[in-house]
Amino acid sequence: MQKVLRKSFLVLSSMSFAISLLIVISVASAIGTILQQNQTFVAYADKFGGFWTDFFVFMGLTNLYATGWFLVVMAMLLISTSTCLTRQTPGMLKEIRSWRFNVQKASFPRYRQHVTFDAPKDLDGSVALSQRVLKTAGYETKAEQQPDAMLVSAKKGRWNRMGYIGTHLGIVVICIGGLMDSSVHVSMAERFGFVTAETRNLRLSEIEQESWLPNWNPSFRATLNLPEGVTSNAAFLPSGEGYLVQPLPFKIELIDFRTQHYPSGPPKSFDSELRIIDESASPSEFATVISVNHPLTYRGITVYQSSFEDGGSNLKIDALPIYGGEKISFEGEVKTEREWVEGSTIEFDDFRLFNINPLQVDEETIEERNFGPNFTYKIRQKDGSAREYVTYMQPVPMQGIPVILGGMRQTQREEFSYVQIPADRLGSPLGFMTLYNHLADRTLRDQVLVDAANAMRPNDSDEDQARLVASLDSLVEQVLEGGLARVAENIERSVPEAQRETMFQTLSDLAFTVFAQAYANSGVMDELPAGIDESMWLERALFAASGMQLYGATHFFQLTGFDQVQASGLQIVRAPGTGLVYLGCALLTLGVFAMFYSHQRRIWVRFEPQENGVSIMAAGSDVRRAADFETEFQTVTNVIRKQLM
Amino acid sequence: MSITEQDLLNKLEGDSKFNFKLVGWLALVAIAVGLVFWQYGAKFDVYETAILVGTGVGVAWIGAVWPAMGRYIVAVALISLAAINIYDGSLANGETKFFLKYLISSQSAVMWMSALFVMSIVAYGVGYVSSFTQKVGSALVWAGAGAGLVGLMVRWHESYLIHPDVGYIPVSNLYEVFILFAVITSILYLFYERRYQNRNLGFFVMLVVGAAIGFLLWYHFSRGASEIRPLVPALQSYWMKIHVPANFVGYGAFALAAMVGVAYLIFDGSKRAIAQKFDMQMLDDLMYRSIALGFAFFTLATILGALWAAEAWGGYWSWDPKETWALIVWLNYAAWLHLRLTKGWRGSVMAWWSIIGLFVTLFAFLGVNMFLSGLHSYGSL
């Protein structure tokens, strides 16, 4: 039994074992960075398919750094380092203290560095002088009387071995500190059923007792999204698909959340003004400001500024009908939903006051600009399918024409595709909507087409005019479906290549004429912003019209007003191991430098009295066999020789 | 560095000769630190004051053990001050004043650095047949590194000229750290060149610096990366001033070791005439020293990074891809050092390993930002 223990101790503390562990940890950690961690099951299945997803989950690769086998390997490294340390330290300490006077005369020539010479000096004088030289060169020395000679032993570089101990002890201390601050105990408590994660979105008071962690939980890293004006004394720990609740020994209120911007637009600072309310202290409350890189530490708990989001802003919205009808005005609050037409619902997801985006200012320059407020919402149909929209409140100048940006996407994975609606005099899309409606609505479109045909060919027969109207109608249909791109596609399919270009030119001119007619009929003319080029505005309108069907909504939601409420994302941490980790870091750093830059070296000088002087032998050793020890040994022995001559 | 016989003899004689040079140098550094504090101290917090004092101690030490570097630092400081003086508080002067526009505005200085470094590769290459050209190579590296340092110093000032709120130390984005990398790697090389009295490795080391310059130029000309942009809130911290430079001493030393490894593999056992210029034991020794230096600073840098993370993100370790790759780099060189120091491994295996180590480092430095997402995303291309 003892033999087995001894053997396993030797294996655990062996270098090969330690190196294997380093390699295993490196490779495993690398896998953990390549495979995105802690995504949902669906996200993995989407990317890798069912088989690999099952495999990844089985191997724990989707949450690698907290998975059992990885922690075991880390623990092995800790054990390996500790056993190595316990095995080596006593010997090293002894080695540092020892003067090693047991060097025999016969062994001097066997050292890599050695030298022999005679000097015409007396014994005591030579010993004293040599010791002085060695001390000057940075060695500690001690002389010992031996039966037939005096032996001076010199050593330096004790910090080298201390460095070894420091680095390895440092790593052990860091691991222990890290373990103290890890969430292993929470996962254990969950596995053994002491706590159960809550997956539903509930109010704090509704959350079952089984999802609450105790007050005395020694370490946690929790998050809290706190809207302005709200007070909370609990934070949340994410756990699988759900969360656990961590009560706090004090209450936190978010008084105000502030974002500052650089003159050129990008964010400069995120500040949360907090009030800490602690009944057990006096005074029982105080206000403070935290920001990124400037957390607050109170009663062993540190509160960090980590993110921000909307905390339930109130939005005033005009729903402008795209296909005719009355506009509908209503209000909504972010993170709530309301009923909408035909059994669908609107989910108000987000509101953002500042949106810094690149903007093409002229042909050469792209500048970062603030596009102003926008809001994000989903229209969810009865069958559960949804489209997500993002709409900007104010027009943005695009090649001289102010446009209102409305983005739409059908799944979270897509980018938003935008319609750019040219704004009218009031900065509203209403003018464009009226124009669009003159083309989208059957009756109004017929009137536009007849008027256009009349204007183009006033002298044609009714029959010819009817034919022209029919072809214009088909053209408008194509443009509304997919813009001039669609027209070009159709030409490609039905027209020989030689005529395509002229054909396209003719058709786009025609489309433009019809738009001009619709523009005239709809009376938008009076509504255009001052100083705007009409034909350029119209070109934009044509472009926007071609995207409206894809936009897939009955109404365009225009934001007319808002009352912003922000929420600050706080990270709330209790990490009692931090001090230990920092101590370990200090040991490690000092140890590494000591180990590399303090050289453990020894020199022995043996003085044997002769008839008229002394016979001297010197030898030196350097644990690392560093190349420059040879030079140092020669320098020192040469100086000794010269001094003694 | 081992003590010389003369030094030892002098010391033995209780040489109490007043060392004017050393005392003068220390006084100069102390005065410079005092002036900086007098000028800016009111705006410093306690950490920044500590960093200033620490920088002073570091510069004093470097100048004491490497007097040429001390003089060099003074020259860089004077040229940078001249540039600041010509700017005279207005960024527009960068386009109109001759010296700024063609020599020492930060962008011009960086371009000079690039040109000088590339020329040094050629000089070192020709130097294998003419030792005079090798000396020219060294001079070009000194000048190039100086231009790079001036470029960084002046850029620091320029960022404050854009707007006092915008100003930051220019080691904060990929463009700036590439300059830092080129400068640090070449200065480390110059240190070893002096120490070993051997210029034959210049060609190899400057090749990797040249690659960095290639990237830098591409990044500038095709992405406009040299534009000074304000920092996101997460990066506004005094930690930046120590975390990043420490890291790049590490990266630079690892790069140097890898290029020594390349030279080792090419010339080990070779019978060609040029191989006689390389002493394999010296290459092996240099490779060890460089990796040891890099490892020590990389350890420090990673720990500083963890301290910063604790302050900014609320945890000293969160297995973020950048952190994880830093750990992988660290473990890799830890294994290298263990095998060399305790098992006595030498030679071509270790040379191959130090080259592979550079690729691992390169991935941690660039690849993570390019291919993996995470908290360090501001370093992306």
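## Tour of a predicted two-chain model

Select Glu253(A) and display its surroundings: leaving out residues up to four places away in sequence, Glu253(A) is in contact (heavy atoms within 4.5 Å) with Leu226(A), Gly229(A), Val230(A), Thr231(A), Glu273(A), Leu274(A), Arg275(A) and Ile277(A). The residue belongs to strand β6 (residues 242-261) of chain A; helices (H or I, at least four residues) and strands (E, at least two) are DSSP runs, numbered from the N terminus. Its relative accessibility is 15%, so Glu253(A) counts as buried. The classes are buried under 20% relative accessible area, exposed over 50% and partly exposed in between, using a 1.4 Å probe and protein chains only.

Before going on, note the conventions. The model is predicted, so local features need pLDDT of at least 70 and side-chain atom pairs count only at pLDDT 80 or more, while totals for chains, interfaces and linings use all residues. Residues are numbered from 1 along each chain as its sequence is written, chains are lettered from A and ligands numbered from 1 in the order in which they are written, and side-chain values use heavy atoms, with hydrogens and water left out.

**Backbone stops in chain A**

Next, select Ser282(A) and Pro283(A), which are joined by a cis peptide bond with omega of about 0°. Pro283(A) sits in the loop between β7 (267-277) and β8 (285-291) of chain A. Most residues other than glycine have a negative phi, and most peptide bonds are trans.

Move on to Asn293(A), in the loop between β8 and β9 (296-298) of chain A. Asn293(A) is not a glycine, yet its phi is positive, about 75°. Is Asn293(A) buried or exposed? Asn293(A) is buried, at 2% relative accessible area.

Then select Arg100(A), in the loop between α4 (68-97) and β1 (113-119) of chain A. Arg100(A) also has a positive phi, about 50°, without being a glycine. With a relative accessible area of 29%, Arg100(A) is partly exposed.

Zoom out to chain A, which has 15 helices and 25 strands. Its C-alpha atoms fill a box of roughly 145 × 70 × 50 Å along the principal axes. The radius of gyration (over C-alpha atoms; the globule rule is 2.2 Å times the number of residues to the power 0.38) is 41 Å, whereas a compact globule of 645 residues would have one near 26 Å. Of these 645 residues, 46% count as buried.

**All of chain B**

Now select chain B, with 14 helices and zero strands. Its radius of gyration is 21 Å, close to the 21 Å from the globule rule for 381 residues, so chain B is as compact as a globular protein of that length. The C-alpha trace spans about 60 × 55 × 40 Å along its principal axes. In chain B, 55% of the 381 residues count as buried. Among contacts between residues at least 6 apart in sequence, 74% join residues at least 24 apart.

**Confidence**

The average is 91, and 96% of the residues score at least 70. Among the elements of chain B, helix α7 (residues 106-126) has the highest mean pLDDT (96) and helix α1 (residues 5-12) the lowest (81). Residues 377-381 of chain B have pLDDT below 50; beyond near neighbours in sequence, this stretch has 12 contacts in the model. The model scores ipTM 0.91 and pTM 0.84.

Conventions: pLDDT = per-residue confidence, 0-100.
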